[in-house]
Amino acid sequence: MTFLQFIFYVLAGIAAISGLMMISVKNPVKAALWLVLAFISTAGVWLTAQAEFLGLVLILVYVGAVMVLFLFVVMMLDINVAQIKEGFTRYLPLGVLVSIAIFALMYLVLGPDRFGLSHYPSPQEFGANYSNTKAIAVPLYTTHAYAFILAAVLLLVGIIAAITLTLRRRPTTEVLYQDIDKQVKVRAEDRFRMVKMDAVVEADVKKEEGKDE
Amino acid sequence: MNFVIPSFAPAMPEIVLLVLASLLLVADTIWSKRYEFATYYATQVILVVVGYLIFESFATEQVITFSGSFVRDTFGDVLKLFIVLISLGIFLFSKEYLLQKKFYKGEYFTLGLFGVLGMFVMVSAYNLITMYLGLEIMSLAIYAMVAMRKDNQFALEAAMKYFVLGALATGMLLYGFSMLYGATGEIQFSKMAQVIASGKADDVVLSFGVVFVVIGLAFKLGAVPFHMWVPDVYHGAPTAVTLFMGTAPKLAAFAMLYRVLIEGLPGLVQDWQTLIIIITVLSLAVGAIVTLVQDNLKRLLAYSGIGHVGFMLLGIVAATPDGYSAAMFYIIVYSITGVAGFGMIVALARTGNAFDKVSDFKGMNKRNPWLALMMLFVMFSMAGIPPFIGFYAKVTVIQEAVRSGFVWLAVYAVVTAVISAFYYLKVVKTMYFDEPDENTKAEPVSRQLNWAVSFVSVALLILGLMPSSLITLCYNSL
């Protein structure tokens, strides 16, 4: 076993264990932290595969931005996860069976028999001046430009969807809004109505009271 | 590095649609206050413009651009034109429905347009990445549209189910895609087909991938055994959204099936044919039997939709170009019939009475003879009774299945069609022979919807009287 292989197995092992911990711990904050560890070790795996850009972006974007935001949300909301996870183990036997079956299948199909070094050459080793960033950027902006733009559209749709579903205009009975358009357009007739009516003479109260007695 | 700027011309409809939809998104924030229906009318105009662009530059031969990630061919153009036509109808119905249920919002139409864009991308995708992105754009827009009625528990539950199961299906599909890429080393469909034909790719990995791809496709088409979400989501979603997701996306899903399985994996026909036979048999059974006990019309149409997908897959099982054309014809006919069926529910829906139960149609003939006749057209067309177009759709797929030697499957399909005719006729019987609960006239929501429903339903009859043009169109486009 070479040193690189050793590093790979250590990182892959950490990633697998932290993934398992992430779904099994009760505290959501701890779960998020385990996920961070899984991301970092995966980033390490990518670094060993000479995909430096991807590894760093994974740490910057997922660990630095997404997970931090996620932790904020989790800490602000008071969610009782123990309650949600109740009955979680009810389907455990079935789940274990299914996952064993899937794992066995995956091992048969994706194992060294089919994807081993005899079938696929080991990846090319690049020198120190090789730029992984450029290797990703050039196809991204040329051959895959169409897909790149579509991904942007997908994000746009995501934004529209999220805003549509969360933006709530509370009814005016709760909150008062100012609608400048309407305010400017208002005319005296809308607010103020002159009514012609006959004079009303109030009946003499005392007289009536006297009658009752 | 020599890179030639690709030709943008073939993708002009998509580009125009994207630009106009984005502009509409901005314009909506300004318009929505002053002109109530500006966004709705703009949406319809955009669809007409895009439809015109496709029609005017109708492709007669295959053009591939954007470094092999986009394809423009007759097959795609026909499907896109039908998507545009059906979406025009959907938005017409939606406007009235949204107004009536008091959640009229400009976002509904912008999201709808982006959904249409997603379908276009799927129809024109020529590699695995763009196929996946198109699917996601379409699905994301529809998830949001289902959940848009925030005060309705059913709609939220439906949105949640749809979202979670849809994500699962996408995961399956992506997993299958990654296997295909792993085995062939290509993402472009034609190149994948070449590598598979050359025999360099590992068979076991390929069939492993095909299984997952077929699972993902079956999920999206709503075929058994991956149909669990269909009735619940169709039932819970606002009827206008049910109308949207039950019709146009089926065309896109069919395009996905065609591009991935038939253009990308023709060499694996043995593998996916067996899988699809199983799915077809199960879908036909569920579509015929489970529907018998439904008393909610939306659920009934959902289950019958499962059966219709089974019928469509008969054409795919045949695995001949003619079979695929028959399947294409079937899915187009199904989408049009779906617009008429769900449109009828939208047109009759009143506040406080969704008009989505079969019993709501009791004595419909006395309450509104014209709409009862239109509903009869829809039900007869779905059941496959001549001279309606649904009959020819069923005949062509069964014919192609028999031609490819699947006589037992064809006989089985006919049996299920007979069983399913029972519940379509049950609706007709309810309308014509049952006494109405109330004797008030059942008025459609607006005169516009009355016209729209009548137009689509009569179209089923007229198309059925002269089916050859549509059939020839489908046969010539493949």
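How do the residues of the lining of the largest cavity divide into nonpolar, polar and charged? They comprise 12 nonpolar, 2 polar and 2 charged residues. This is a predicted model, in which local features need pLDDT of at least 70, side-chain atom pairs count only at pLDDT 80 or more, and totals for chains, interfaces and linings use all residues. Residues are numbered from 1 along each chain as its sequence is written, and chains are lettered from A in the order in which they are written.

**Cavities**
- The structure holds 5 cavities of 30 Å³ or more (a cavity is a set of points, on a 1 Å grid over the protein atoms alone, where a 1.4 Å probe fits but cannot get out; lining residues have an atom within 4 Å of a point).

**Largest cavity**
- The largest cavity contains about 180 Å³ of space, and 16 residues line it, with M138(B), Y162(B), K220(B), W229(B) and P249(B) nearest its centre.
- In chain B, α5 (128-146), α6 (153-184), α8 (203-221), α9 (229-236) and α10 (239-264) each give two or more residues to this lining (helices are DSSP runs of H or I, at least four residues).

**Second largest cavity**
- About 90 Å³ of space lies in the second largest cavity; among its 13 lining residues, G307(B), H308(B), F311(B), S420(B) and Y423(B) lie nearest the centre.
- Two or more lining residues come from each of α11 (269-289), α12 (297-318) and α17 (407-433) of chain B.
- This lining has 6 nonpolar, 6 polar and 1 charged residues.

**Helix α4 of chain B**
- Of the 19 residues of α4(B), 18 are buried (under 20% relative accessible area), so the helix is largely enclosed by the rest of the structure.

Notes:
Heavy atoms only, no water. 1 Å grid on protein atoms, 1.4 Å probe; cavity = no way out; pocket = protein on both sides within 12 Å on 5 of 7 lines; lining within 4 Å. Points joined across faces, edges and corners; volume = space filled by probe spheres on them. Nonpolar A, V, L, I, M, F, W, Y, C, P; charged D, E, K, R; others polar. Buried < 20%, exposed > 50% of the residue type's maximum accessible area, 1.4 Å probe, protein only.
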